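Thanks, everyone, for making time this morning. I would like to go through one structure with you, beginning with a single residue and then widening the view, so please have the display open.

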Amino acid sequence: MTEASRYRPEQIERHWQQAWAEQGLDHTPAETDGTSFYALSMFPYPSGNLHMGHVRNYVITDVIARTARLRGHRVLHPMGWDAFGLPAENAAIERGVEPGDWTDRNIASMREQLRQLGLSIDWDREVTTCHSDYYRWTQWLFLQFLEAGLAYRREATVNWDPVDQTVLANEQVDGQGRSWRSGALVEKRQLRQWFLKITAYADQLLDDLPKLEGWPERVRTMQANWIGRSSGAELDFALVDGEGQPSGEAITVFTTRPDTIFGVSYVVLAPEHPLVARLTTADQAIAVEAFCDLVSRQSDQERTAEDGPKRGVAIGARVRNPANGELVPLWIADYVLAEYGTGAVMGVPAHDQRDFLFARRHELPVRQVIIPEGSDEHAFEGGAWTEPGVLIHSGRFDGLASLSAKAAITAAAESEGWGRGKVQYRLRDWLISRQRYWGCPIPVIHCASCGVVPVPTEQLPVELPRQVAFSGKGASPLAQLEDWVNVACPCCGQPARRETDTMDTFMCSSWYYLRYSDPHNTALPFERSKVDRWLPVDQYVGGIEHAILHLLYSRFFTKVLRDRGLLGFDEPFTRLLTQGMVQGITYKNPHSGKYIAPADVADPTDPRDPNSGEVLEVFFEKMSKSKYNGVDPAAVIERYGADTARMFILFKAPPEKDLEWDDADVEGQFRFLQRIWRLVEGALARGLNFADGPALAVQEGLDGRASGSTQPGAAGLLRFPTAADCSPAERELRRAVHTAITAISEDLSGDYQFNTAVSELMKLSNAMGDHLEAAGVTVAGEALASLLILLAPFAPHLAEELWQKLGGTGSVHLQRWPVADPLALVRDTIPLVIQIKGKVRGNLEVPADADKATLEKLALESEVAARWLEGKAPSRVIVVPGKLVNLVP
C-alpha cells in the first residue's frame with residue numbers, strides 16, 4: 001500500500017465533519033410525511049470535558065439515530081445542556097469567574113469535543129437551560145403548575161452552615177455531616193420553601209408503569225418502590241395528662257399492620273414533630289433537647305439505615321391504645337421521619353424487626369399478638385415475627401387470620417371513631433426551592449397586601465442579574481441585590497419583593513425533551529402540533545443513576561402538561577436504554593487506601609506502590625479523577641480516530657453492561673478498520689467502482705429484492721444473479737452478505753446488541769477478503785455497498801470516505817438500509833461433522849438435502865473414516881441429519 005493510500009483517520013474525520021456541517025446532513029427534516037423517529041441522549045452538565053461515560057452514551061444514541069435514517073425514518077436527534085447547578089457557583093466563589101461566562105466556555109469546549117465524535121446531531125435545535133430564551137419557558141411552566149394548584153409553599157428542613165450562615169445543598173455536606181467549605185457541623189433548620197404536588201399524580205405514576213414495556217424492568221421496579229404505595233390505616237392514640245385522663249388531643253399513626261395494634265408497647269414521634277416541644281415533660285427536657293440536636297446533624301439515609309443503632313429517648317408523655325385502653329409511653333427516635341406518613345408510628349416489637357431492636361435497646365415490653373398458624377406463642381421468640389399468622393391476645397379478634405384481622409380492626413376503628421382506612425405513599429412532594437444564585441428564578445412576587453403574586457407572563461423571563469459578587473457566605477446573592485429584589489406588586493402597585501429562591505435544576509431537565517420539537521418558538525414553549533408529531537421520544541438513552549428522580553419528574557411533567565392541554569400523550573419516553581458504566585484499570589494500596597495512577601506503576605505484572613513498595617490491589621472500577629483511572633477521549637481520538645473509539649465502545653460489551661477499558665482491544669478495532677480500508681483499496685486497484693453500470697445499479701437500489709429480480713440502474717435493468725448464475729465463490733459471498741444483513745438488522749432492532757453487530761461486520765469483512773476477488777462486478781458491488789451501509793452507523797467517517805472513493809451517489813448516510821435476500825441464504829451444501837467414537841475428527845461438505853443413507857455413505861467414504869477406521873467397518877453409525885455422523889469402531 002502506498003503512503004498516500006494509508007488509512008489516516010485524523011484527515012478523513014475532519015474533512016467529513018466539516019462537509020456534513022456544510023451540507024446540513026444532520027438537519028431534522030421539515031416535511032411531515034413518513035414515519036418519525038426521535039432518538040435522544042440525556043443531556044449533559046457542561047463541566048468542560050467529555051469523559052468516556054459521555055462517549056458511550058452519545059455514540060449508542062448516534063448509532064440508533066443513523067440506523068433509523070437509513071431505514072427511511074424522519075429523525076430528530078438533538079443535543080443541549082443542563083447548565084444550571086452548583087459547580088458554576090462554586091467556580092465563581094473559588095476562581096472569581098462569572099457563572100454564565102464559565103458555563104458558556106465549557107459548553108463551547110464540549111460542543112467541539114462532541115463534533116469530533118462524528119455525532120449526527122442537529123445543532124440548530126440546541127437548548128441551554130441557563131439561557132433566558134429557555135428558562136423563560138421553565139418559568140412559564142411553573143406558573144402553569146401554580147395556576148393548577150400544584151405549586152405551593154410550606155415549611156421544610158434545609159442544611160444550615162452555622163459558620164458561613166448559609167444554606168447548603170446536599171452535595172455540599174460531606175459524609176460526616178460537615179460543610180464542604182467551612183468544615184462546620186451542618187444543622188437542620190426550617191425555611192418556607194416551594195413544592196410541586198407530585199403526590200397528586202402518585203396513582204397515575206404508579207399505575208402507568210406497566211405501560212412502559214420498552215423500559216428495563218429494574219427501572220420500573222425502582223420507581224414503583226420510590227412511589228411506595230401501601231394500604232393500611234390511620235389510628236388515633238389519645239393523649240393523656242399526668243393522671244391518665246384524656247387531654248382532648250390525639251397522636252395519629254399510620255400503619256400497614258392494624259392487625260398488630262394489640263401488641264403496641266410504645267408510640268414514637270419524629271424528633272421534628274411539632275408536638276414534641278409541647279409534650280415533653282420538664283424532667284425529660286434536657287435529654288430530649290440533646291437528642292434532637294444530635295439527630296439534626298444526621299441525614300435521612302443515616303437515620304433510616306437498616307443497620308443503624310435505633311436511638312431514641314422518652315419525652316415523658318403517654319397515650320392510650322384505642323384498641324385495649326392500655327397506656328403506653330411516647331418516645332422520639334432517629335428512625336422516624338416527619339415527612340413520612342404522620343410523623344408518628346406505633347411500636348410493635350414482636351412483629352417489626354426495627355421496633356424489636358429498639359425495644360431491646362431501651363428495655364421496652366415485647367408482646368406477641370400473632371403466631372404462625374398451627375404453632376403457639378413461644379414458637380418465635382428470637383426476634384420479630386413479621387409474616388402473616390393468627391391473632392392471639394387481641395380480645396375479640398383472637399383467632400382471626402392476619403388478612404381478615406386487618407379488615408376487621410380497621411372497620412371497628414372507623415365505626416368506633418378511633419381510626420380510618422388509608423392509602424399511604426412513600427413519595428413526598430417535590431421540594432424545588434434552592435437558596436442558590438445559579439438557577440432559574442421562581443417567577444413570583446411577595447406583596448404584603450396581595451400575598452404571593454405570579455409574575456405576569458408578558459414580563460417573563462425574570463432574568464438572573466449578571467456580575468454578582470460571590471463569597472459563599474450569608475444569604476443567597478440574589479437576596480442581597482436590593483435593586484433586583486424590590487419591585488412593585490403587579491396587582492396593587494405597592495412596594496413588594498421578588499422571590500429570591502431559585503428552582504431545583506431538575507425543573508429544567510424535566511421538560512427539555514419537549515422543547516427540542518419546537519426550539520425557536522418565541523410565543524410558547526412548544527406548539528402542540530409539533531410536540532405531538534415528534535413525541536413521545538422513541539429511544540431515550542442514559543445512566544441508571546437517573547432511574548428515579550429525573551425520569552419520574554419527567555413523567556410527572558408530561559402528565560400535568562397533558563392535563564393542561566399542552567400535549568396529547570401520557571408518557572415522555574417509549575423506550576429506555578440505561579447504558580452501563582465505563583470502568584478503568586485501577587490500582588489501590590490496601591493499607592493506606594490511596595489510589596495510584598497507572599502511569600506510576602512501574603511493572604503492571606507486579607504492581608507496587610511507587611513510594612512504599614507495598615503490593616497494590618488491581619481491579620476495574622468506574623472511571624474517576626480521584627482514582628486516576630480515567631482515559632481521556634481526546635487522547636484516544638488523536639491516536640486512533642473517532643471511528644475506532646466508537647467501534648471499541650460498541651464492541652467491548654452489551655450496552656446495558658459495564659465496559660472494562662482495554663487498550664489492546666482499542667488497537668484491535670483500529671486494525672479492523674484498517675482491514676476494511678485495505679479491502680476497498682484492493683477493489684479499487686482491480687478497477688471496481690460504483691460508477692460502472694452494474695455496480696451503480698446495486699448501490700442506487702439495494703433493497704433486498706430476491707435473486708433473479710430486476711431493478712433500475714444507470715445501465716438499464718440489472719438482474720440480480722440466481723444461484724445458478726453464480727460461481728461457488730459468488731454464492732459464498734452473497735450468503736455472507738445477506739447473513740450479515742439479517743443478523744445486524746436484528747441486532748439493531750428491539751433490544752440493541754451493538755457488540756454482536758460489530759462481530760457480524762468482522763465476519764463479513766473476512767468473507768469478503770476470501771471471496772471478493774473471485775466475484776463478478778455485480779456481486780462484488782453488492783457486497784461492497786452492503787458492507788459500507790451496514791458500517792455507516794458505527795464508523796460514519798470511514799464508511800463515507802470509502803463510499804465516495806467507490807463513486808457512490810450522494811452520502812452513504814442517505815442510502816437505504818439493505819434487506820436480506822432469503823434465496824441468497826439457501827445453502828446447496830452444508831458442513832457435516834464427522835465424529836469417531838464421539839470425538840470430532842473432521843468435516844465434510846455434503847448436499848443440503850441429503851438423507852440419512854446418503855450421509856452415512858458419504859461419511860464412510862470420507863478420508864476421515866479411512867484414516868481413523870483403518871479399513872475396519874464401524875460397529876455402529878449414528879446419523880444426525882444436517883449436523884453430524886458418529887462412527888463407532
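This is a predicted model: local features need pLDDT of at least 70, side-chain atom pairs count only at pLDDT 80 or more; totals for chains, interfaces and linings use all residues.

In which helix does Asn 90 lie? Asn 90 lies in helix H3, which covers residues 86–95, where a helix is a DSSP run of H or I with at least four residues, a strand is a run of E with at least two, and both are numbered from the N terminus. Residues are numbered from 1 along each chain as its sequence is written, and side-chain values use heavy atoms, with hydrogens and water left out.

Coming back to Asn 90, its relative accessible area is 14%, so the residue counts as buried; buried means under 20% relative accessible area, exposed means over 50%, and partly exposed is in between, using a 1.4 Å probe and protein chains only.

Leaving aside residues up to four places away in sequence, Glu 730 touches Asp 725, Ala 775, Gly 776 and Val 779, where a contact means heavy atoms within 4.5 Å. Glu 730 and Ala 780 are 50 residues apart in sequence, with 8.1 Å from C-alpha to C-alpha.

Turning to Ile 585, we find this residue in strand S26, residues 582–588, and partly exposed, with a relative accessible area of 31%.

Finally, the chain as a whole. It contains 27 helices and 35 strands, and its C-alpha atoms fill a box of roughly 105 × 80 × 65 Å along the principal axes. Of its 889 residues, 52% count as buried. Among contacts between residues at least 6 apart in sequence, 71% join residues at least 24 apart. The chain exposes about 38,500 Å², of which carbon and sulfur atoms supply 50%, with accessible areas taken from the Shrake-Rupley method with a 1.4 Å probe and, for residues, only the protein chains shown counting as cover.
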